[in-house]
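Biologist: Can you put the model up? I'd like to go through it with you.
Modeller: Here it is.

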Amino acid sequence: MAEGGLEGFICPRCMKDFRSPQNLITHFERSHSEEQDLLKSIKSIYGKAKKIFKLDEQDLEQFRKELNLERNLVEEPQDPGPTKSYTDYFKEVRRDRLEHRTTETNKLIIRLDRLLQLDGSDRKLHEQELVAWIDGTSVTRCPSCASSFNLVVRQHHCRLCGSIMCNSCSYFLSYETAEEIVTPVKTFNGREHRSSKESDSIRICQHCLDMLESRRKAQVEQMMQPIICQLYSHLQKSKQQIQHSVDMYSKMHNSISLGEATYALQDLHSLRTTIADKAQMIDTLSKKIASLPVDPNTPKAVTLQNSIRKATSVYIKDYLLSQPPPPTLEQLEQIKQGRSLKNADDDDLIPRERLRITKVTVTTGWSPANVNNERTAPEDADPLLEQMNNVRSYIDQARKAHRYEEVASLEENLKMLKEIYRKQQREKTGRKSD
Amino acid sequence: MNVIAAVKAYVNKMTEESEPGMKVLLMDKETTSIISMVYGQSEIQQKEVFLLERIDSPNYANSTGLRYLKCLVFLRPTQQNIQALCAELRNPKYGAYYIYFSNIIAKADIKILAEHDEQEVVKEVQEFYMDYLAVNPHLFSIGLPTCMLSGNWNPSALQRTVQGIVSVLLSLRKCPTIRYQANSDPCKILGQRIDEVINKESSLFSFGQSGHSLLLILDRRDDPMTPLLNQWTYQAMVHELLTINNNRVNLSNVPGIPKEMTEVVLSAEQDGFYARNIFMNYGEIGTSIKQLMDQFQTKAKSHQKIESIADMKNFVEAYPQFKKLSGNVAKHVTVVGELSSMVNKYNLLDVSEVEQEISSQADHSAHLQSVKKLINNDKVREIDAAKLVMLYALRYQNHSNNDVKSLMSILKKRGVSDSLLKNTVNILEYAGSHARQSDLFNVENAVKITKRFIKGLSGVDNVYTQHKPVLHETLEELMKGRLKEQLYPYIGNGYNNGRYQDIIIFIVGGATYEESLTVHSFNKINSPSVNVLLGGTTIHNSASFLLEVEQAMRNVERTHT
């Protein structure tokens, strides 16, 4: 049988394998009766989902089938087209430009720091020592607003770069703000305030102010980590964990539905409960995000928070709740019979699917091994028995940690050990009887 | 070749490259349409995009941002956008920027942008070629309501169309041979411009399979009949009677419409019922809807009988819980209900029957009679009456007993608006026999007519879908390798190996949903050996087509009528 067919049957997550709406409905009804016990907490979402599934999913299914047929006929899968990146060029241009700006800003900061340390007495002189003031004799108009200087409109100098401007074009940096700017953001408050000695401020031009402010803004924003970010990253982490569990779940579900004995049904059930618990957790998290208080200056945050909430509930509804339920014991029995008889009841579609799968697995050379539940009591201190006990306790531990891959491989180990042990015993008894 | 999948693939790439985190998507008017054609809001939210913003909205510049968001920027490479983006980067509202342009951008513009990124917020700058509207997997539109101005290309529309088609070719990784309709200058100019770009950007177009794909550029004027006809398949019918604009249908004019239904979204990507019925005819949709309603009914254990579409409407309204559950079905019931009421109110079945006969059979006196009868009927809308006269005028333009004059006087007497009357003249000027390639060769024309005549005799099962667009025959001939080089020459040193695997048809002056159906059926039969993709400057219905005609013929001297 072709690889494609094999894939089609095995994939349990998408319900494509249920070939008719009827089967799908029964499947969904089962799915929901199961889920009710597990997902009481998210009942509201679930209730809606249940109804929608019953009505729409079968249509969707039909549609999906048709679409698949059509796609098979008409279209090959589409890779994303070519792209062209300008990122390197962009960064190169930016680097050249920013280097200049950064050095300039740093120069300003150094001057500002020195200005703050000046004493009040002969300040003007010291100020001019720090930066040369532009000679104003030939400047007749303010360079930024072009009003001509006279007795009323007087020349002023920027204390940071020494350029000339009129009073209305001047900006004033209070000592406190200046203090904040020269102090590294992290250690602010740690430094002693010197502002008390001077109540006035530093006159600067717009250009210098811009440079200082944008640096300050960038620094502050780097430090800021609003609560929504923490909650959201928590949400995403939980989602990743769930994804892990869901992948494991579908793998186990697959294997069990095939009648393999690698995984235990009880483990599947408990994993399902775990998924449900986590679903509840992210549901709560998203509600928390949606109800975070919002600064009235940022109305977008409201939209953002509601969108996150909505997206999460869609994710739970359409993805987590649509995982197929574990097979019941009866079904499991049927599957096993199907495997041995290769002649399952064709009225029910699920066994039929599985029958086909069974054939596939047989041709791939997989042979079932019966689980031997007979436990040998550790009468004597046989190292083999000891090891078996160890393995059993490992299995318990792995199960508790939901490491079902490990459970499966340990079970395999245990089986081998048992096999060897039985052989030994037989040999012993054989020797005895000799 | 699936344009929807191509655009989706790019969007996915965009959302994945920016690494996990809350995201905002910043777009312009056109890129918003491009994305909304393939993804609904709830789908894009699953990709962590929680906010959608428009850079060209008047409030955007003054709005406050959220520095903890990552900003995906998806814009067309226009000068306004570059300026707006420069302003944005100077005062960034968001923490990090991933910039994607929908088409080829000048390096100088990148430099300008880089110089404005003083806070080093930009992380990526790339070109992602999706500068067109993906309507269906095999159908795209450039989104230009009109493209001709006074008989020639509107220069900005030409520029936009070249960009659009280039991005289609890139997104599908095709570097095709180009052929164009010989008698149409606009087609030739477009082909040459595309060829220039392909040659200039040869490194981008190095897919190395040019022999197998073809871009065939056609002129709407070669088939003016198709956009004038009433349609009976779902998508085409909705567009003809209610108008689909970027997958949205405005129902606000429908009397008594519930508030949530004033605008409905019809997207085959998100709506299973629509996807299944998009190419179904009017009768079949009715059946599908009835089936769906029957399902609901049994589920509700209701004993109410559903016989007519009016009953269905009542049923849905009587069960508010259903309305909630099946917004989708309620939507289609509303749409189909509105279609059916229009069909009855305006005698569309009778109108369509005559339209179809004129378009696919030749019987002058009978057709003249039917047209006269219908345009005298008060139930028939003015536009339908005018369209009937247009069809007649186009069909029998060179017939010895042509009687357009008396039909026009009937229209005048009816009080048909001046603009419609003018358009009945315009259409002959726009696409009369002088402008059509097929009419230039009388022999071919005669064969075509007899062919149609025979078709008409051999028992047509549906009188409302007899008509086949000219595109149908063009495709057939292309398939057989018989498309004449004389009529459809090559651009550059193209060569004719006769067989193409991928065919992109582009119609200057707009495609129609009827042609989309033609292509769909053609693909169904011939896939996978041949795949056809259809595109147009827009997707026309008769109303928008008449606007195009009016625009195209503005200030053009009448020389042919």
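Biologist: In which hand does H6(B) pass H7(B), left or right?
Modeller: H6(B) passes H7(B) in a right-handed crossing. A crossing is left-handed if the near helix is turned anticlockwise from the far one by less than a right angle, and right-handed if clockwise. Helices (H or I, at least four residues) and strands (E, at least two) are DSSP runs, numbered from the N terminus.

Biologist: What sort of model is this, and how is it numbered?
Modeller: This is a predicted model: local features need pLDDT of at least 70, side-chain atom pairs count only at pLDDT 80 or more, and totals for chains, interfaces and linings use all residues. Residues are numbered from 1 along each chain as its sequence is written, while chains are lettered from A and ligands numbered from 1 in the order in which they are written.

Biologist: Back to that pair. What is the angle between H6 and H7 of chain B?
Modeller: About 55°, with the axes 10 Å apart. H6 covers residues 155-171 and H7 covers residues 185-200. Axes are lines fitted to C-alpha atoms, for helices over the stretch in contact, and angles run from 0 to 180 degrees between N-to-C directions. That angle makes H6(B) oblique to H7(B). The cut-offs: under 35 degrees is roughly parallel, over 145 roughly antiparallel, 65 to 115 roughly perpendicular, and the rest oblique.

Biologist: Which residues meet there?
Modeller: From H6(B), B:Leu158, B:Thr161, B:Val162, B:Ile165 and B:Val166. From H7(B), B:Ile189, B:Leu190, B:Arg193, B:Ile194 and B:Val197. Contact means C-beta atoms, placed from the backbone, within 7 Å. By class, this contact has eight nonpolar, one polar and one charged residues. Nonpolar is Ala, Val, Leu, Ile, Met, Phe, Trp, Tyr, Cys and Pro; charged is Asp, Glu, Lys and Arg; the others, Gly among them, are polar.

Biologist: Zoom out. How many helices and strands does chain B have?
Modeller: Chain B has 23 helices and 18 strands. Of its 561 residues, 49% are buried. Among its contacts between residues at least 6 apart in sequence, 80% join residues at least 24 apart.

Biologist: And how much of chain A is buried?
Modeller: In chain A, 24% of the 434 residues count as buried. Chain A has 14 helices and five strands. For contacts with a separation of 6 or more in chain A, 66% come from residues 24 or more positions apart.

Biologist: How does H9(A) run against H10(A)?
Modeller: Their axes come within 8 Å and cross at roughly 165°. The two are therefore roughly antiparallel. This crossing is left-handed. The contact residues divide into eight nonpolar, five polar and three charged.

Biologist: Now H16 of chain B. How many of its residues are buried?
Modeller: 12 of its 14, so H16(B) is mostly covered. Among the elements covering the buried residues are H14 (348-360), H17 (404-414) and H23 (542-552) of chain B.

Biologist: What span should it have?
Modeller: 20 Å at 1.5 Å a residue, and the end C-alpha atoms of H16(B) are 20 Å apart, which agrees. The expected span is 1.5 Å times one less than the number of residues.

Biologist: How many residues of H22(B) are buried?
Modeller: 10 of 14, so H22(B) is largely enclosed by the rest of the structure. B:Tyr513, B:Leu517 and B:Phe522 are among the buried ones.

How values were computed
Buried ≥ 20, exposed ≤ 12 C-beta atoms within 10 Å, placed from the backbone. Contact = placed C-beta atoms within 7 Å.
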